[in-house]
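Have the coordinates open as you read.

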Amino acid sequence: MKISIVTKEWPPDIYGGAGVHVEHLVAELRKLIEVDVHAFGAEKDGAITYETPVELAGANAAVQTLGVNLDMVGDFSQAQVVHSHTWYANMAGHIGSMLHGIPHVLTAHSLEPRRPWKAEQLAGGYRISSWAERTAYLAADAIIAVSNGMRNDILECYPDVDPAKVHVVYNGIDTKAIERVTDTSALVKHGIDPDRPYVLFVGRITRQKGIMHLLRAAEQLPSDIALVLCASSPDTPELGQEVSDQIEKLSATRTAVHWLKEQLPRPELVQVLSHATVFACPSIYEPLGIVNLEAMACEVPVVASDVGGIPEVVVDGITGTLVHYDEHDTTAFEAGIAKALSLVVADPELAQRMGQAGRQRAVEEFGWDRIAQETIAIYQKVISDGQASSGTP
């Protein structure tokens with residue numbers, strides 16, 4: 001079996017959960033089947049890469065994306081299945097499927113209708129990305145949702161999609177590579193006191209991740225609690241400035257507000273995760289949330305919103321605390337986040353118990369080996385269905 005996987009992100013250029021997913025899924029798949037990877041950007045090990053066509057250098061970002069997709073489609077001719085990840089790659093999968101007469105599988109890591117704030121980043125390109133996603137979803141031979149919450153969102157946003165072709169395969173985590181460590185050199189390097197309890201946030205600066213809600217909630221935290229923000233890659237300069245202004249305001253009233261603006265190398269991130277007292281995930285939209293799994297793998301309790309697939313990862317009262325998100329009453333949400341964080345920090349035994357339960361859940365339920373096997377089963381099904389419909393024995 002040969003599969004062509006299409007992705008915007010590939011190491012070392014990974015900035016979100018979809019990239020983490022593709023990197024680890026491919027590593028497991030390659031132990032079992034033949035896989036080639038088609039990725040955006042400059043030359044990278046382990047992938048065929050495609051840069052923005054020179055004639056589109058000044059075009060809208062969404063138009064540039066379509067240009068890259070069109071450059072890719074001729075290279076899927078030897079594949080039995082093309083598998084795309086995110087709207088950035090969906091049209092390559094869709095057009096490649098039609099061109100070569102092979103099934104198209106796509107993995108849903110997020111949905112454009114659930115991210116209207118992307119219009120800030122893409123302007124008119126948001127209408128293009130929404131069209132591309134919808135077109136691919138309606139035509140795909142199989143859709144992989146990374147949680148049951150995501151599956152429900154797909155069927156709600158795209159009611160013409162056949163529910164039978166939407167399969168749930170969870171995101172995963174490499175719990176051998178991500179586990180609690182004792183080293184604190186990265187904390188010292190970044191000016192974080194290892195002996196002071198701290199709340200940790202890790203994520204891109206985007207409306208989706210709810211960072212502004214956390215910054216407002218932090219105004220209500222006890223003064224002895226530090227705040228560490230591993231927050232980079234703002235969607236827009238305006239949003240980056242909004243976050244910067246709020247951090248400056250917060251820093252004027254409390255000490256130990258640490259903003260790490262650059263993406264940390266993985267070993268440093270694991271250290272910062274390992275020594276957090278509690279991890280905060282105030283997302284307003286989250287298909288699953290790999291970052292919560294990473295915190296759990298490092299034995300850190302998680303305080304998170306109850307949106308999307310998060311409740312399928314964070315077990316309320318066992319591995320952390322879920323706080324109800326209501327877009328019509330964000331003040332109550334922020335107060336709930338502050339209260340939950342404060343309670344966990346104030347009870348070290350509870351924090352330790354939740355952290356250990358989180359680690360156990362991450363190991364038992366979210367291994368990449370199982371995810372790869374489930375994904376291959378979907379490839380086998382769409383190949384078999386295609387052969388049956390064409391009359392191929």
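A cavity here is a set of points, on a 1 Å grid over the protein atoms alone, where a 1.4 Å probe fits but cannot get out, and its lining residues have an atom within 4 Å of a point. This is a predicted model, where local features need pLDDT of at least 70 and side-chain atom pairs count only at pLDDT 80 or more, while totals for chains, interfaces and linings use all residues. Residues are numbered from 1 along each chain as its sequence is written, and side-chain values use heavy atoms, with hydrogens and water left out.

**Cavities**

- How many cavities of 30 Å³ or more does a search of the whole structure find? The count is 2, with a volume being the space filled by probe spheres set on the grid points, which are joined across faces, edges and corners.
- The largest cavity comes in at about 40 Å³, and F201, V202, K209, F279, A280, C281, P282, S283, E286 and V291 line it.
- Strands and helices are DSSP runs numbered from the N terminus (E, at least two residues, for strands; H or I, at least four, for helices). Both β8 (198-204) and β11 (278-281) supply at least two residues of the lining of the largest cavity, and β11 gives the most, with 3.
- By class, the lining of the largest cavity has 7 nonpolar, 1 polar and 2 charged residues. For these classes, Ala, Val, Leu, Ile, Met, Phe, Trp, Tyr, Cys and Pro are nonpolar, Asp, Glu, Lys and Arg are charged, and the others, Gly among them, are polar.
- The second largest cavity has a volume of about 30 Å³, and its lining is V20, H24, G172, I173, D174, I178, I290, E294 and W368.
- Two or more residues of the lining of the second largest cavity come from each of α1 (17-29) and α11 (290-297).
- The lining of the second largest cavity splits into 5 nonpolar, 2 polar and 2 charged residues.

**Helix α11**

- Why is α11 largely enclosed by the rest of the structure? It is because 8 of its 8 residues are buried, where buried means under 20% relative accessible area (1.4 Å probe, protein chains only).
- Those buried residues pack against α1, β8, α10 (266-274), β11, β12 (302-305) and α13 (348-365).
- E294 sits in this helix and is buried, at 6% relative accessible area.
- Not counting residues up to four places away in sequence, E294 touches I173, I178, R266 and L273, with contact meaning heavy atoms within 4.5 Å.
- Just after α11, E299 takes a positive phi of about 65°.

**Nonpolar cores**

- A nonpolar core is a set of buried Ala, Val, Leu, Ile, Met, Phe, Trp, Tyr and Cys residues joined through side-chain atoms within 4.5 Å.
- The largest such core has 85 residues, and L200 and F279 touch the most other members. Helix α12 (residues 330-346) gives the most to this core, with 7 residues.
- Beyond its neighbours within four places in sequence, L200 is in contact with V228, C230, V272, L273, A276, V278, F279 and A280.
- Another core, of 25 residues, lies apart from it, and L29, I33, V37 and V169 are among its members.

**Cysteines**

- There are 0 disulfides, counted as pairs of cysteine sulfur atoms within 2.5 Å.
- The sulfur of C230 is 12 Å from the closest cysteine sulfur, in C298, so this is too far for a bond.
- C230 is buried at 9% relative accessibility, and C298 is buried at 0%.

Conventions: Buried means under 20% relative accessible area, exposed over 50%, partly exposed in between (1.4 Å probe, protein chains only). On a 1 Å grid over the protein atoms alone, a cavity is a set of points where a 1.4 Å probe fits but cannot get out, and a pocket is an open set with protein on both sides within 12 Å along at least five of seven lines; lining residues have an atom within 4 Å of a point.
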